[in-house]
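Work through the following exercises with the structure open, and try each task before reading its solution.

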Amino acid sequence: MINLHLIRLELARDPDHPEGDRRHGYEFVAPIDEMGRLDSEAWRTVRDRCTVQRFHAQDERMRGHLIHRAGGAGGSTWAFHYDIEGDPDEDETGFHFESHTFRQGDYVSVREMDEELHTFIVVWVRPLDG
């Protein structure tokens with residue numbers, strides 16, 4: 001059985017946002033293993049269901065997919081891809097997503113379209129029914 005979850009990330013505190021920013025983040029669907037990590041084997045069978053929605057106070061919401069591809073420091077990279085026929089250089093990549101856990105209160109980083117690495121807090125993780 002594949003454990004799909006809806007995960008919400010919000011911008012964590014940084015020098016420009018001392019309180020963080022609840023209006024800047026991501027909601028995405030992903031398979032999570034028993035350790036709370038993204039499950040690449042399960043992703044292969046449900047990748048069409050692994051969607052993402054990016055929200056930012058100043059921008060229109062963007063929708064796309066969570067993708068897993070070869071390359072990166074650990075041999076593979078997780079990314080948010082918004083245009084199926086688009087340029088992979090425009091994807092937003094998760095920084096070491098392959099080794100991070102996704103549990104409420106955890107911190108993860110995403111290299112966004114502005115090419116900056118931003119830190120996000122996992123606000124919640126909700127299981128999805130079959």
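**Exercise 1.** Decide whether F102 is buried or exposed in this predicted model, and do the corresponding exercise for F28.

*Solution.* The cut-off needed for this step is that a residue counts as buried under 20% relative accessible area. F102 has a relative accessibility of 2%, so F102 is buried. For F28 the relative accessible area is 0%, and therefore F28 is buried by the criterion as well.

**Exercise 2.** Determine which geometry the aromatic pair of F28 and F102 adopts, and where in the chain the two partners lie.

*Solution.* A pair of aromatic rings is described by the distance of the centres and the angle of the planes. For F28 and F102 the centres lie 6.0 Å apart, with 85° between the planes. Planes over 60 degrees apart count as edge-to-face, so the pair formed by F28 and F102 is edge-to-face. As to position, F28 belongs to strand 2, whereas F102 sits in the loop between strand 6 (92-95) and strand 7, so that the pair links parts of the chain 74 residues apart.

**Exercise 3.** Identify which residues make up the aromatic cluster, and which residues touch the most other members of the largest nonpolar core.

*Solution.* One aromatic cluster is formed by Y26, F28, F80, F97, F102 and F120. The largest nonpolar core holds 26 residues, among which F28, F80 and F102 touch the most other members. Several elements each supply at least two residues of this core, including strand 2 (21-31), helix 1 (40-46) and strand 5 (76-81). Leaving aside residues up to four places away in sequence, the contacts of F80 include Y26, F28, F97 and V110.

**Exercise 4.** Describe in what order the strands close into a barrel, and which residue of strand 2 is the bridge partner of E10.

*Solution.* Eight strands close into a barrel in the order 1-2-3-4-5-6-7-8, with antiparallel pairing, and the twist from one strand to the next averages 30°. Strand 1 and strand 2 pair over eight bridges, and the bridge partner of E10 in strand 2 is G25.

Methods
Residues are numbered from 1 along each chain as its sequence is written. This is a predicted model: local features need pLDDT of at least 70, side-chain atom pairs count only at pLDDT 80 or more; totals for chains, interfaces and linings use all residues. Side-chain values use heavy atoms; hydrogens and water are left out. A nonpolar core is a set of buried Ala, Val, Leu, Ile, Met, Phe, Trp, Tyr and Cys residues joined through side-chain atoms within 4.5 Å. Buried means under 20% relative accessible area, exposed over 50%, partly exposed in between (1.4 Å probe, protein chains only). Helices (H or I, at least four residues) and strands (E, at least two) are DSSP runs, numbered from the N terminus. Contact means heavy atoms within 4.5 Å. Rings of Phe, Tyr and Trp (its six-membered ring) pair if their centres lie within 6.5 Å; planes under 30 degrees apart count as stacked, over 60 as edge-to-face and the rest as tilted. Two strands pair if DSSP finds at least two bridges between them. Axes are lines fitted to C-alpha atoms, for helices over the stretch in contact, and angles run from 0 to 180 degrees between N-to-C directions.
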